[in-house]
Amino acid sequence: MGQQTWAGAIGEVWRTVVRHKVISGLIALCVAGSLAGIALAGSASGASGRSARPADAAAPAFSVPVLGHTGQRVSLGQYAGRPLIVNFFASWCDPCKTETPLLAKFYRAEKGKVALVGLDENDVLGNAMSFTRADGVSYPVGWDPQLGVASAYGVGGLPQTFFLDARHRIVDRIFGAVTLADLQKGIALAAGKG
């Protein structure tokens, strides 16, 4: 086995360093490109990143038990021909604790002019009932402990709110807790005024 000179050893180390820098640079470039793609996809869903204007997809039909009322059901079909707000929430969801009282107050103020259905997801019945009672919820709430409706709507996190037009096409979707401005915008879109 031949001996290597200092110059040869330094050259070998330098080539190894350059090779690793090139590989590390390529990996960093791929990661940065992926993150940029994710950021662009997220920004396409609205200025705040919370609202997404879908391509008016048909809302999946649902029929679930009414929270706390055995034998009664709430379904999309009950609202045929009417715009509808569908809100997915749970008692354990921190942003829902801010959003639900706002929705309850908004619904009471609208005095039946707005159709709203809440869907309690992946929750314990007693907690869900206490939560909605404490927040003064008077709109219909369906109980979906197995996440069947949430899965059909592509809900991966709570809360999420969908605005449906009279043909039950999804015209807007809010990720996270809705604001009064979100409600007004969504209702205008659902009524065809947006």
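The following paragraphs lead through the structure, from its overall layout to individual residues.

The model is predicted, and for this reason local features are reported at a pLDDT of at least 70 and side-chain atom pairs at pLDDT 80 or more, while totals for chains, interfaces and linings use all residues. Residues are numbered from 1 along each chain as its sequence is written, and side-chain values use heavy atoms, with hydrogens and water left out.

The protein chain contains 5 helices and 8 strands. These elements are DSSP runs, numbered from the N terminus: helices are H or I runs of at least four residues, and strands are E runs of at least two. Read from the N terminus, their order is α-β-β-β-β-α-β-α-β-α-β-β-α. Of the 194 residues in the protein chain, 36% are buried. Here buried means under 20% relative accessible area, exposed means over 50%, and partly exposed lies in between, computed with a 1.4 Å probe on protein chains only. Contacts, defined as heavy atoms within 4.5 Å, also describe the fold. Among those between residues at least 6 apart in sequence, 68% join residues at least 24 apart.

Aromatic rings provide clear examples of such links. Rings of Phe, Tyr and Trp (its six-membered ring) form a pair if their centres lie within 6.5 Å; the pair is stacked if the planes are under 30 degrees apart, edge-to-face if over 60, and tilted otherwise. By this rule there are 6 aromatic pairs. In one of them, the ring centres of Phe-88 and Tyr-153 are 5.4 Å apart and the planes meet at 55°, so this pair is tilted. Phe-88 belongs to strand β4 (residues 84-89) and Tyr-153 to helix α4 (residues 148-153), and the two residues are 65 residues apart. Both Phe-88 and Tyr-153 are buried. Phe-88 also pairs with Phe-162, this time edge-to-face, with 5.6 Å from centre to centre and 75° between the planes. Because Phe-88 lies in strand β4 and Phe-162 in strand β7 (residues 160-164), this pair ties together parts that are 74 residues apart in sequence. Phe-162, like Phe-88, is buried. Through ring pairs, Phe-62, Phe-88, Tyr-153 and Phe-162 are linked into a cluster.

The next topic is the packing of two helices. Helix α2 (residues 94-110) and helix α5 (residues 180-190) pack at an angle of about 50°, and their axes are 11 Å apart. The axes are lines fitted to C-alpha atoms over the stretch in contact, and angles run from 0 to 180 degrees between N-to-C directions. Angles under 35 degrees count as roughly parallel, over 145 as roughly antiparallel, 65 to 115 as roughly perpendicular, and the rest as oblique. The helices α2 and α5 are therefore oblique to each other. On the α2 side, the contact is made by Leu-102, Leu-103 and Phe-106, and on the α5 side by Leu-180, Leu-183 and Ile-187. By class, this contact of α2 with α5 has 6 nonpolar, no polar and no charged residues. In this classification Ala, Val, Leu, Ile, Met, Phe, Trp, Tyr, Cys and Pro are nonpolar, Asp, Glu, Lys and Arg are charged, and the others, Gly among them, are polar.

Some features of the backbone also deserve attention. Most residues other than glycine have a negative phi, and most peptide bonds are trans. Leu-158 and Pro-159, however, are joined by a cis peptide bond with an omega of about -10°. Pro-159 is located in the loop between α4 and β7. Lys-111, a residue other than glycine, has a positive phi near 45°. Lys-111 lies in the loop between α2 and β5 (116-121), and its relative accessibility of 71% makes it exposed. His-168 likewise has a positive phi, near 60°. This residue is in the loop between β7 and β8 (170-175), but His-168 is buried, with a relative accessible area of 10%.

Ala-59 occupies the loop between β1 (51-52) and β2 (63-66) and is buried, at 13% relative accessible area. Ala-59 and Ala-152 are 93 residues apart in sequence, and their C-alpha atoms are 8.8 Å apart in space.
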